[in-house]
Amino acid sequence: LSIVIQNNLMHAENKKKSFGIIKSLAEAIEEKDFYTRGHSERVMKYAIKIAEKMNLPSNEIEKIQYAGILHDVGKIGIPENILRKKGMLTDEEYQKIKEHPAKGAKILMHMHSLKDIVSIVKYHHERPDGKGYPEGLKGEEIPIGARILSVADTFDAMTSNRPYRKGLSIEVVKEELLKYSGAQFDANVSEVVIDMLDSGELEIDRSYDD
């Protein structure tokens, strides 16, 4: 029994160290662009709240926590001039951006203690209608963690202030979630988020707006 406990503690410690290293890399990416500052942290918090509301098991919520903070780590492999571009991306530049989930998964695969979150990171830009990337998965082919992360990620993108626009209001966000429910967003996750917005259980994090 003592060996099992010792192995579990060692695994937890290794996971913590790996997480710390990759989190530092993720934060370094965000430092390249002021307007993405705090994005991964907010996405992680939103995703955890959604997962808890959906009564997911604690081990699944833990995976979502790690995947949330690390979901954009693959942008380390994207040229800085593309990441920092303020105007519209060209088709070629957009194709480069679309490589980041697979790049992130490749990075995480080298860390044994984080292997459980690889699929969530890799598939967080997949869509229920099959029009996402990198593999065009559909519906429940997409891991539930990735479906939650997709909505949390888009929620933060819609509500965050950008140089070219103010963050969208809660009412507009709800309209977008309804409009694209079952297509861009998982229908169940969208419904849960709308309910949470109506009840005040999910609020926009403005702590990075200063």
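Me: What does V193 touch, not counting residues up to four places away in sequence?
Reply: V193 touches I50, V151, L177 and L202, where contact means heavy atoms within 4.5 Å. This is a predicted model, in which local features need pLDDT of at least 70 and side-chain atom pairs count only at pLDDT 80 or more, while totals for chains, interfaces and linings use all residues. Residues are numbered from 1 along each chain as its sequence is written, and side-chain values use heavy atoms, with hydrogens and water left out.

Me: Which residues have the most contacts inside the largest nonpolar core?
Reply: They are I50, L70, L108, I117, I148, L177 and V193, in a core of 45 residues. A nonpolar core is a set of buried Ala, Val, Leu, Ile, Met, Phe, Trp, Tyr and Cys residues joined through side-chain atoms within 4.5 Å. Buried means under 20% relative accessible area, exposed over 50%, and partly exposed in between, with a 1.4 Å probe and protein chains only.

Me: Which elements give two or more residues to this core?
Reply: Those elements are α1, α2, α3 (58–70), α6 (100–109), α7 (118–122), α8 (144–159), α9 (170–179) and α10. Helices are DSSP runs (H or I, at least four residues), as are strands (E, at least two), numbered from the N terminus. Another core, of five residues, lies apart from this one, and I29, I78, I82 and I97 are among its members.

Me: How many helices and strands does the chain have?
Reply: There are ten helices and zero strands. Of the 210 residues, 41% count as buried.

Me: At what angle do α2 and α10 pack?
Reply: Helix α2 (residues 39–53) and helix α10 (residues 187–199) pack at about 100°, and their axes are 10 Å apart. They are therefore roughly perpendicular to each other; the class covers 65 to 115 degrees, with under 35 counted as roughly parallel, over 145 as roughly antiparallel and the rest as oblique. Axes here are lines fitted to C-alpha atoms, for helices over the stretch in contact, and angles run from 0 to 180 degrees between N-to-C directions.

Me: Which residues make that contact?
Reply: K49, I50 and K53 of α2 meet V189, V192, V193 and M196 of α10.

Me: On to I120: is it buried or exposed?
Reply: I120 counts as buried because its relative accessibility is 2%. This residue is found in helix α7. Leaving out residues up to four places away in sequence, I120 touches E60, K63, I64, A67, G145, A146 and L149. The C-alpha atoms of I120 and G145 are 5.7 Å apart, although 25 residues separate the two along the chain.

Me: What is the peptide bond from Y133 to P134, cis or trans?
Reply: That bond is cis, with omega near 15°. P134 is placed in the loop between α7 and α8 and is partly exposed, at a relative accessible area of 36%. Beyond its neighbours within four places in sequence, P134 is in contact with K122, Y123 and E126.

Me: What about phi of N55?
Reply: Phi of N55 is near 60°, a positive value in a residue other than glycine. N55 is found in the loop between α2 and α3 and is exposed, with a relative accessible area of 66%.
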